[in-house]
Each structure stands twice: as C-alpha cells, then as structure tokens.
Amino acid sequence: MDGFKISSTDEELELIENNAGVFKLLVDDEKLEIIESFVHAGRTILCQPHEAKDAINVYLILTGRLYHINSRKYVEAGSRIEFKNISESQHLSVLEDTKLIMIRTLVKFKEQFRMTNEIYKMIHLIQGKDHYTEDHCNDVGNLASQLAVYLKYDESVVENVLFSGKVHDLGKVEIDEKILLKPSSLDKYEFDSIMKHPQFGYNLLLEKTGDKDLSDILYQHHERMDGSGYPEGLKGDEIRIEAQIIVVVDSYSAMTTDRPYRKAMSHEAAVEELIKGKVTLYNPELVDGFIELMDILRGV
Ligand SMILES: [Fe+2]
C-alpha cells in the first residue's frame, strides 16, 4: 500500500477460524505481516525455524497465560516474546484463553494455513470413519511434540511426532466401520482386521507424502516395549523413539476420550494406567516426563 490509509481495527484482510482459535490478518505487506490472534486454552502456538530464519517473529501477549516448553518458563499477559534465527521449533502451550498480536517479517499466513489444511483433510478422513474427535488427533500430535521438546529430543524427532501424531490412525479409513464402532468386545476376525491399520496407515501416508520416516512411525504406533504390541512385536530400542512417544500420548488421550465401547477415564485413572505400564508397555522415562508435563499444563 502506498500513501496512507485509515481503517477500523475490526477490518481484516483475511480471517481464519478453526478449532485452535481465530486469526485475523491485519497487515499483509511484502516484508511484514501482523496477525491478531485469539487462541483457546489447551492449544499450542508453534513457531518453526523456517518461519524465523533471517526474520523476526514478535508476539505481544495481551491477555491469557502461556507456557514456553523449550525454556520451561511461564509467559504472562503483558509479555513480549521474540524469536530470531531459531534452529529449533518453539512451542507455547496455551494455559488460558489468550489474545495476542503476532508481528512477523516474513509473509507466511496463507502458506501456513494451506499446510494445516492438508493435515486437517487427513484428520477429517479419520474422524468420519472412527468418530474420533478432531481434538484427539490434534492432541496426540501437539502433546507428543511438546513432550519431545520438554525432554530435549532433536528437532527432527519433534517435527516427526507433531505430524505423525496428528494422523497416527490414518490407516483406520480402510477398516470396516461396523468393526471400528462396535460397542462390544471383538472376535478374532474383527481384532485381526483392526490390527491391520498400522500397515494401511503406512501405505496411505507413503503414497500421500513419500516420506518413509513418517510412514514408519505410523507402522510402529502400536508396538510395546516388551514386544507385546503389533504388527511386528518389536521390543525396546527396535521401536523408533517417535513411535514410543506417540504410544504414551495416544494411550493417555484414548483413555481420557469417550469411545464407542467405554466412557472416558479421569486424568488420575489414566495416569495410574500409564504408571502400571511403565517398563512393560511404555518407555519409563517418557511416562515420567509426560506426567510431569501434564501437571504443569493442568496447573497442578
Ligand atoms: Fe492406532
């Protein structure tokens, strides 16, 4: 824009509203982007290295409360957060409904939401079939990546669990709905059929993205540390660390979500189950880290 312009603060150039919140693009110039955002409690604000390369990302927190997982620090209303030339993704967990202004010197708004939309399309496919909520799919990806950051895993692990966590049950789109939604226990044929979803997920994701690493994680997301999982019965370190992380978070999220065959468990009961499964089913370091992180995010 040349010259000057006066407009209402209610006037936006583009508006995106999704499960995470409302994002209004207020200024969209070649080198500058200003977004007024409202993000719901329980969601995550993510700043990835490519967004802040040779650029500055500044977040002005107007209301609400956040937790910066990387530095393990709380961020209160009235704070200003700056990211410049970061080499690792930055994860801000939204503890209370938060209003903020994002100022970025790289135009990424549309591209970023286009990418998110591709993930949402896959989540909708799973949701339509298994009646899992979109929240469950997002939670597994977001919590798994937050756990990976909290425990200081490499950036590649963080990025892998963020994406594969959100679409971990993609393979269920190939399974008969009557079996997936059966309210009673499954017979052998039905259980064998469910056990094929990691293989189907591997095939579908490889076809859609060509990414072997991400597809392998989907293939292993039902393996257990003692070899009692499926499809291969892999043990301990034979299981990729990303799959080990997703197993812990997915188990917690599935236990605390209503399913066709049972009601959701309380947080406390689900934590007790995770502790019971330490060593045998789950990596104990991941269970301890997850419980610690959940206490922080739940304000305990
Ligand atoms: Fe699964």
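Tyr 219 counts as buried, because 23 C-beta neighbours lie inside 10 Å and 20 or more is the mark of a buried residue. Tyr 219 belongs to helix H7. The model described here is predicted. The chain is divided into domain 1 (14-107) and domain 2 (117-297).

**Helix H7 and Tyr 219**

- Besides Tyr 219, the buried residues of H7 are Leu 214, Ser 215, Ile 217 and Leu 218.
- The cover over these buried residues includes H3, helix H6 (197-209) and H8.
- Not counting residues up to four places away in sequence, Tyr 219 touches Pro 198, Gln 199, Gly 201 and Tyr 202.
- Tyr 219 and Ser 164 are 55 residues apart in sequence, and their C-alpha atoms are 10 Å apart in space.

**Helix H8**

- Helix H8 covers residues 241-255, and its end C-alpha atoms are 21 Å apart.
- Twelve of the 15 residues of H8 are buried, so the helix is largely enclosed by the rest of the structure.
- The buried residues of H8 are Glu 242, Ala 243, Gln 244, Ile 245, Ile 246, Val 247, Val 248, Val 249, Asp 250, Ser 251, Tyr 252 and Ser 253.
- Packed against these buried residues are helix H2 (134-150), helix H3 (155-166), helix H7 (212-219), helix H9 (267-276) and helix H10 (284-297).

**Packing of H8 with H9**

- Two packed helices are described by the angle between their axes and the distance between the axes.
- For H8 and H9 the angle is about 145°, and the axes are 9 Å apart.
- The crossing of H8 and H9 is right-handed.
- On the H8 side, Val 248, Ser 251, Tyr 252 and Met 255 take part, and they meet Ala 270, Glu 273 and Leu 274 in H9.
- By class, this contact has five nonpolar, one polar and one charged residues.

**Contact between the domains**

- The centres of domain 1 and domain 2, taken over C-alpha atoms, are separated by 27 Å.
- Ten residues of domain 1 are in contact with 13 residues of domain 2.
- Strand E8 (residues 90-104) gives the most to the side of domain 1 that touches domain 2, with three residues.
- That side of domain 1 has three nonpolar, six polar and one charged residues by class.

- His 91 lies in strand E8.
- With 23 other C-beta atoms within 10 Å, His 91 is buried.
- Leaving aside neighbours within four places in sequence, His 91 is in contact with Thr 44, Leu 46, Ile 69, Asn 70, Ser 145, Gln 146 and Val 149.
- His 91 and Ala 264 are 173 residues apart in sequence and 27 Å apart in space, C-alpha to C-alpha.
- Asn 70 is in the loop between E5 and E6.
- Asn 70 is partly exposed, with 17 other C-beta atoms within 10 Å.
- Residues touched by Asn 70, not counting those up to four places away in sequence, are Glu 88, Gln 90, His 91 and Val 149.
- Asn 70 and Glu 88 are 18 residues apart along the chain, and their C-alpha atoms are separated by 9.0 Å.

**Backbone features in loops**

- Arg 72 has a positive phi of about 55° although it is not a glycine.
- Arg 72 sits in the loop between strand E5 (56-68) and strand E6 (73-76).
- Arg 72 counts as exposed, because 11 C-beta neighbours lie inside 10 Å and 12 or fewer is the mark of an exposed residue.
- Lys 152, also a residue other than glycine, has a positive phi near 60°.
- The loop between H2 and H3 holds Lys 152.
- Lys 152 is exposed, with 11 other C-beta atoms within 10 Å.
- Tyr 230 and Pro 231 are joined by a cis peptide bond, with omega about 10°.
- Pro 231 is placed in the loop between H7 and H8.

Note on methods: Residues are numbered from 1 along each chain as its sequence is written. This is a predicted model: local features need pLDDT of at least 70, side-chain atom pairs count only at pLDDT 80 or more; totals for chains, interfaces and linings use all residues. Helices (H or I, at least four residues) and strands (E, at least two) are DSSP runs, numbered from the N terminus. The expected span of a helix is 1.5 Å times one less than its number of residues. Two residues are in contact if their C-beta atoms, placed from the backbone, lie within 7 Å. Axes are lines fitted to C-alpha atoms, for helices over the stretch in contact, and angles run from 0 to 180 degrees between N-to-C directions. A crossing is left-handed if the near helix is turned anticlockwise from the far one by less than a right angle, and right-handed if clockwise. Ala, Val, Leu, Ile, Met, Phe, Trp, Tyr, Cys and Pro count as nonpolar, Asp, Glu, Lys and Arg as charged, and the others, Gly among them, as polar. Domain bounds come from an automatic or database domain assignment.
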